[in-house]
Each structure stands twice: as C-alpha cells, then as structure tokens.
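Dear colleague,

Please find below the structure that I am handing over to you. My findings follow it.

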Amino acid sequence: MYENNFPNKRYKHTLAFLQKHIDTSESILDLGVENPFAEIMKSNGYNVENTSGEDLDVDFQNVAQSDTDVVTAFEIFEHLVAPFNVLKAIKAEKLVASIPMRLWFSPAYRSKTDPWDRHYHEFEDWQFDWLLEKAGWTIKDSAKWTNPTKKIGVRPILRYFTNRYYIVYAERVR
C-alpha cells in the first residue's frame, strides 16, 4: 500500500510515528481540512475530526475549544504566519506534528496557481523545537527522513541524503 514514492513514503513514516505514540482509543483533532492522510488514520482505527479550513492564523477558536486528547498537524505550520498562536491555544495534552525542513539548496515552496498553497516558514529542526517549547510543549520524541526523487541533477542527488521531513511527539507542559 505504501510505496517508496511521494507522498506514500511520507505517509508510511508518519503513520508509524503516530502508532508509536498515540493509541487508537485517543480522539484526534487534525489541523487542516479532510485529506488523504486523515483517511489513512481513520482506516487504521483512529477517531479523527478535522478543522474546517478556517485561517488558523486568526481563527483558532475551534482548536481552543476542542476536547480531543491529541492534536495532529502534518505539514500545516509552515503555511501559517504565526503558528505560535494556535500552538498556544491547543488544550489537548498531546501533539504530533510534522514539517518540511528548510533546505539550503532549494527555495521555500510557493504555488504559482494557489495563493494559499505556499510556505511562509520552512523551519530547521531547532527552530521548530524552540517554537513548540515557547508555546508550552515538551518534545518527547522526534524523527527525520529524506525525500528522494527519481529526477536527474544536483538537487535530486542531495535529496537522497538530506533530511526533508521532521516529526515530533510533544506533551503539554502543565
């Protein structure tokens, strides 16, 4: 089911990390609209609800009022101007979040056709850690992985050994 191509490799790593830390008995609020990975979580026994597409930079009331056990955010925070605000508002005790890491050899992603599909932030791992810690989270585990492509060139070669994705499991500091 999960081949070694985009996005299946990312999904395979993300699901394994989620299963390592989150039990299927725990309810999940997944930041972002329903998406293919939310469906994968559901098909693996997780109780998942998604946010409805609101701009989480300015409207995170639903996140703040959610009584789920866990919040997941897979490749969401890089799209926000101020991810600190929504991270601080989360009431859940657990967070599983992933980001695409900043690559020194590649500019930040920006869709030429969709004004919302762009990365305002591309973090290095230490920057994302610091953001989470400032927002009241303690990182308990993390992982990174590469995202090679089958293209020819210097950048595709660099993608074979340069980590592209970073995922963390964090718990709320109380």
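Which residues touch the most other members of the largest nonpolar core? They are Leu 31, Phe 77, Leu 87, Ile 90, Leu 95, Phe 128 and Trp 137, in a core of 26 residues. A nonpolar core here is a set of buried Ala, Val, Leu, Ile, Met, Phe, Trp, Tyr and Cys residues joined through side-chain atoms within 4.5 Å. Buried means under 20% relative accessible area, exposed over 50%, and partly exposed in between, with a 1.4 Å probe and protein chains only. At least two residues of this core come from each of β3, α4 (83-89), β4 (94-100), α5 and β6 (163-172). Apart from this core lies another, of 19 residues, among them Tyr 46, Phe 74, Val 96 and Ile 167. In soluble globular proteins, nonpolar side chains tend to be buried together.

Please note that this is a predicted model, in which local features need pLDDT of at least 70 and side-chain atom pairs count only at pLDDT 80 or more, while totals for chains, interfaces and linings use all residues. Residues are numbered from 1 along each chain as its sequence is written, and side-chain values use heavy atoms, with hydrogens and water left out.

Regarding the chain as a whole, there are six helices and six strands, in the order α-β-α-β-α-β-α-β-α-β-α-β along the sequence. Helices (H or I, at least four residues) and strands (E, at least two) are DSSP runs, numbered from the N terminus. Of the 174 residues, 48% are buried. Among contacts (heavy atoms within 4.5 Å) with a separation of 6 or more, 65% are between residues 24 or more positions apart.

Strand β3 has five of its five residues buried. Val 70, Thr 72 and Phe 74 lie on one side, with Val 71 and Ala 73 on the other, so both faces are covered. β3 runs parallel to β1, joined by three bridges, and Val 70 of β3 is the bridge partner of Ile 28. Five bridges join β3 to β4, also in parallel; here Ala 73 has Ala 97 of β4 as its bridge partner. Two strands are taken to pair if DSSP finds at least two bridges between them.

Helix α2 (residues 36-43) has Phe 37, Ala 38, Ile 40 and Met 41 buried. These residues are on the same side of α2 because they cover an arc of only 155° around the axis, the arc being that of the directions from the helix axis to the C-beta atoms. Pro 36 and Ser 43, on the other side, are exposed. The buried residues of α2 pack against α1 (8-21), β1 (27-30), β2 (47-50) and β3 (70-74). At the start of α2, the backbone nitrogen of Phe 37 is within 2.9 Å of a side-chain oxygen of Asn 35. Gly 45, with a positive phi near 95°, follows α2.

Helix α5 (residues 125-134) buries Phe 128, Asp 129, Leu 131 and Leu 132. Their arc around the axis is only 160°, which puts them on the same side of α5. Gly 136 follows α5, and its phi is positive, near 95°.

Yours sincerely

Conventions. A polar contact is a pair of N or O atoms within 3.5 Å; within protein, one must be able to donate a hydrogen and the other to accept it, and residues adjacent in sequence count only if both atoms are side-chain atoms.
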